[in-house]
Structure formats: structure tokens, C-alpha cells
Amino acid sequence: MAVDLLGGDDAPAVVVDGALRAVRTDPDLHLLLVGPTEVADGLIGALDPEQRSRVTVRPVRTAVGMADHPTAARGESTVRAAVHAVRDGIADALVSAGSTGATVTAAALGLGRWAGVRRPALVATLPAVEGPVVLLDVGGTLDPGPATLARHAVLGAAYAAVAHAVAAPRVGLLSVGVEAGKGDRLRRSADPALAAVSLPCGARYVGLVEGYDVSLGARADVVVTDGFTGNVLLKAIEGAYAMAGGPPASGGAPRAAALLGVAGTVVVCHGAARPDDVASGIALAAHLWRRGATHTVSTLLDDVPHDPAPDRNDTEVAP
């Protein structure tokens, strides 16, 4: 796993701590630390000899700041070097808690996108009363059109089946009511688009769902929305858990999300991630790679027809 040592609000300290926990927890895990040598050496020095043999370093001193424009990822940086390590076969996956826009841009440009996917999606899995709920997008594409949401429905259905073994996933579109015609212009346009799209893995579209359906899981296993709304909802759920004294015993709101639509396993952690969150992100990347999730989801998409015409507001990643 390639780990961006300089990504995140409190990097490198929390990233180093999280990487330490990941190596100590998973005896089969190997890490490629991408960042300043002195930072990596501090992490390696805290490990025992057997664990040290599972850690290597790619020295890079430049990071993309959280406030930088995503196009900064085009230049030399830790996230770009981590992407190139995956592209070149040196690493199997990458994990970064840095700028989401920069990570998505670097991954899309460095790894390439799947056929039929112009806008990658970040997918998070939340614990719900009836079982896990896959929520996408949670920050990859902030202003999608109906065709992009329809394609993301395909991505989410395949991901739920492959990553979480959900049989015949139920897919819903997040709105302000379940009745047809509810919602803003995007939701009203996307509802018939999702109803018409072919879904993999026996999935079916169940129509509009509301916010509480994400926590209950009774109506949908996959909830599709734009990246702006999804990111706000995810952070609101995190805050609700904090007010309630912590997440449920079955697991909390994730601080890491998988990037779907690029030719490689990429996990993006919350910018405010703590050490446990970084360790969880590394564990998620390892889980997805071991299951061959990226390749399997991509293969499933090959069998699903897609509309070659992009949304009118659709553009290439970080032009």
C-alpha cells in the first residue's frame, strides 16, 4: 500500500501513527511510505525488525495543500508519486488523507478512467439498522448531471455486491420525499434516468429515498446523490455519532472512501482523520485489493451499456 505521508490536516503525525497501527495489526501488510525521508525513518524506527522489513520509502518533499487547487496534483507531490507507484506496479493501492480534489485528479490522470466513466465517485459504506448502506458520491463529483448519477448508480450497485457481498442490491436516489417528482431539478431529471439504466448483479432501482433511509437501510442498500450533498450528509452523521457519545457497536461513519471509476485501488481518508481513521483507510485499501474489487467492478461495468453522451455540465477532471 502506498501511503501519502503529507496528506491531511494534521499530517504527517497522524498518518505516521495510523500507518504504525496498520502494520502492527496486519502481518501481511507491506507499506510504501511516500514523503520526506526523515518522517519515514521515524516511523520505521518505531517498528520491530520483522515489521521494518515490510516498509519501504519513496522520498518526496512536496505536498498538495488542503486549500490548493486540484490541478496542483499535476506537479511533483506526494499524492502524485503515490499514484505513479500504483501505475508502475510498485504498489497495489494508495491511501491519502490529503486534498480530495487533488487525489481524484492525480488518480484520474495518472491511472486513467474506466470506459463510460468521466466523473469518478467516492463511495462510503455506513452501518445501518438493516445492514450496510453504500453512499455515493461523498465528494468526488460535486455538480453531476443526471447521466453521471445514473452511471454512479451502476458503480454503487456493483461495489455493494463485490465489496460487501450484498445480493441483488436495492438502489435509491436521495431526495426530499419518496413520491415521484419530489426534489430539485437534478433529482427530477435523474429519477427517470436511474429508472431506465441497466444495473449489474441483479440490482434494481427502488426510486427516491430520504435521509433517514441511509441510517435505517430498510429501503435501499445503495443511495446515490451528488458529491456535495453526500459529503455534507456523511459529516452530519459523524457529528450525530459524536453527540450521541460515539458510533454504534456495529461500526461508525467511515473516515475513508473508495474512489470508483479509475484504473487502480484508491482510498481517500477524511482530511481531519485521526490515527485510527488512517489505519482503517489502509485496511480498507488492503481489503479491496485482496478481493480484487476494482478489477471485478470494472469488469461488471463492461457488461452494462452506457450513454456515450455526457451531461451538458460535464467536463474532464481538473482541466
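**Note on the predicted model: salt bridges, a surface patch and confidence**

1. Arg187 is buried, at 9% relative accessible area. In this predicted model, its side chain meets that of Asp184 in a salt bridge, 2.9 Å from N to O. Asp184 is partly exposed, at 37%.

2. The whole structure holds twelve salt bridges. One of them pairs Glu38 with Arg61, at 2.7 Å from N to O. This pair links distant parts of the chain, 23 residues apart. Glu38 sits in helix H2, and Arg61 in the loop between strand E3 (55-59) and helix H4 (78-87). Glu38 is partly exposed at 46%, while Arg61 is exposed at 59%.

3. Arg87 and Asp88 also form a salt bridge, with their closest N and O atoms 3.0 Å apart. Arg87 is partly exposed, at 45%. Asp88 is partly exposed too, at 45%.

4. His270 lies in the loop between strand E11 (265-269) and helix H10 (275-290). His270 counts as buried because its relative accessible area is 19%, under the 20% limit. Beyond its neighbours within four places in sequence, His270 contacts Ala97, Lys235, Glu238 and Arg255.

5. Val129, Tyr212 and Leu216 make a nonpolar surface patch of about 320 Å². Val129 is in the loop between strands E5 (121-126) and E6 (133-136). Val129 is exposed, at 65%.

6. On confidence, the protein chain has a mean pLDDT of 86, and 89% of its residues reach 70 or more. Treat residues 315-319 separately: their pLDDT stays under 50. The model has 15 contacts for them beyond four places in sequence.

Conventions: Residues numbered from 1 in each chain as written. Predicted model: local features only at pLDDT ≥ 70, side-chain atom pairs only at ≥ 80, totals over all residues. Heavy atoms only, no water. pLDDT = per-residue confidence, 0-100. Contact = heavy atoms within 4.5 Å. Helix = DSSP H or I, 4+ residues; strand = E, 2+ residues; numbered from the N terminus. Buried < 20%, exposed > 50% of the residue type's maximum accessible area, 1.4 Å probe, protein only. Patch = residues over 30% accessible without salt bridge, like charges linked within 9 Å, V, L, I, M, F, W, Y side chains within 5 Å. Areas by Shrake-Rupley, 256 points an atom, 1.4 Å probe, with all protein chains shown as cover. Salt bridge = Lys/Arg side-chain N within 4 Å of Asp/Glu carboxyl O.
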